[in-house]
Amino acid sequence: MLLGRSAAGLLSRLVATGPAVGLIPRSCFIAKTHSRIMSTYQSHCGADWGHRVFAVDASPSLGHPEPFYFTALHSKDQASANCNEWPMLAHGGTALSVGITDPHPVSAARLHRALGQQLAQVLPATCQLLRLLSYLPQEPHTSLQRGFFIWDPHNCSSTQHKLKHLLREHRQHSNCCTYTEGPQGEIWQTPLELGSQTGPSRVVRVGEPDPSPFALNILLSAVYYSLSSARTVLQECSACIPEATRILELLDQCDTGTKKGRYPVIVIEGLDATGKSTLTESLRDCLKATLLRSPPDCISKWRKTFDDEPSLIKRAYYAAGNYIGACEIAKASMDSPVIVDRYWHSTAAYAIATEIGGNLPSLPHCGHDIYQWPQDLLRPDLVILLTVSDEERMLRMRGRGLEETKEEKELESNTMFRLKVEEAYKRIENPQCVIIDASPPKESVLKETLNVIRKRCAV
Ligand SMILES: Nc1ncnc2c1ncn2[C@@H]1O[C@H](COP(=O)(O)OP(=O)(O)O)[C@@H](O)[C@H]1O
Ligand SMILES: Nc1ccn([C@H]2C[C@H](O)[C@@H](COP(=O)(O)OP(=O)(O)O)O2)c(=O)n1
């Protein structure tokens, strides 16, 4: 039992003061949330650390296979904080947290990534590095911060020393705390100097807050639900990534509001090596269709550059690619059916699966805002999701003999990630995917797909 009276109080405060998602139209909430995060991203940085709700990514090896949430205990709540299990501290270990307080989304994302790489290098191999998210309950949509939760099982003195040394140059844009067990089993969060004025606070575990920090992170920075939010990030990174300026120029040249022509637009989705390219090429020939892909050819030469950037920037590239692709789709659909190899479902599903920690049940429920199609993006008539068993997909991947990307390797090694991508695909709405089993021979998959297309579209 993790949720004491204090936690219940916290949750009711969250519900009372958080965005009234159920009371205003979703698109309105998402668009407003985006404009707020981009214009006033974090008026709250370091000083409020103790008032935040924290979420630590799942870690089965640390005894929490689902994400772990905690918050500071205020003196009036003291009596209710009896039940407070921190499995990672059970055997004398220490935990530490690092929060990124840089108020600018792009520089914060880059600092987060750089720190993650440096921490992985300098910390002892026995330390575990997990994702940390936090927000202020009274202003969830403007106060979200990312960071790291570090578990040091041997409580090495060198860990804190290394951390202090590493964070010294980022003092202005980061903070750090330790978590230790007190004599009565209570947990103390103590700022790790770096000029901190605040003293230790008691912290307690709470149940999953509403809104979930992971879902909030998706709505605010991992998936773009409007062109303007992707543009804002590309504009902010154009000083350090010249290719971002080129993409903005391409966006300026296309009329992203163009409506679809009279021919159907059919998107083929699926994990790598499920047979999308094979099927889309056959469909092009059978239906005398135009075959397009997202990201479109005109920006695909910059894909590697953006794939190497933090996810905030990488996903802005794919989002922009969908809007540029939408112009091409709209134009082509005036003259012929259009087949599209990957589109917004891919952009959203991969981002959601990456950002949601834990197992399949950690994915936000069906109908959640994170699964909504952007209001300003051209909607296809039909989206087909190809599925095959993992064994078959691996065989196809090896048979193809192409070099595996980092993400493909992760998909291969991480069954849970793959399951989450596929489930996220299935939960995306308006339009929802039609699932086709792509395990049979190519000709059968093509026949089945043509049947679905003929039933649902005028071809
Ligand atoms: N239905 C199928 N049965 C057997 N092999 C297939 C089938 N569809 C595709 N393949 C093979 O699987 C590999 C991956 O297919 P591909 O179309 O490149 O997938 P994707 O575009 O989804 O990554 C290719 O070698 C392809 O020839
Ligand atoms: N429209 C798109 C297309 C791909 N993506 C992202 C999603 C994943 O991170 C990768 C998958 O691309 P990958 O190169 O593996 O796929 P293909 O081999 O091109 O089918 O690209 C996207 O976000 N939006």
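How far is an oxygen atom of ligand 1 from an N or O atom in the side chain of K276? In this predicted model, where local features need pLDDT of at least 70, side-chain atom pairs count only at pLDDT 80 or more and totals for chains, interfaces and linings use all residues, the distance is 2.7 Å. Residues are numbered from 1 along each chain as written, chains are lettered from A and ligands numbered from 1 in the order written, and side-chain values use heavy atoms, leaving out hydrogens and water.

Taken alone, ligand 1 exposes 550 Å² (Shrake-Rupley, 1.4 Å probe), and the protein buries 78% of that.

The shell holds 15 residues (a heavy atom within 4 Å of the ligand), with A273, K276, S277, T278 and R400 the closest. By class, six are nonpolar, four polar and five charged. Helix α9 (a DSSP run of H or I, at least four residues) gives the largest share, three residues, while α14 (390–400) and α17 (442–456) also give two or more.

As for α14, its buried residues (under 20% relative accessible area) are D390, R393, M394 and M397. They all lie on the same side of α14, because their arc around the axis, taken from the directions to the C-beta atoms, is only 100°. The face turned away carries E391, L395 and G399, which are exposed (over 50%). After α14 comes G401, with a positive phi near 70°.

Note on methods
A polar contact is a pair of N or O atoms within 3.5 Å; within protein, one must be able to donate a hydrogen and the other to accept it, and residues adjacent in sequence count only if both atoms are side-chain atoms. Ala, Val, Leu, Ile, Met, Phe, Trp, Tyr, Cys and Pro count as nonpolar, Asp, Glu, Lys and Arg as charged, and the others, Gly among them, as polar. Buried means under 20% relative accessible area, exposed over 50%, partly exposed in between (1.4 Å probe, protein chains only).
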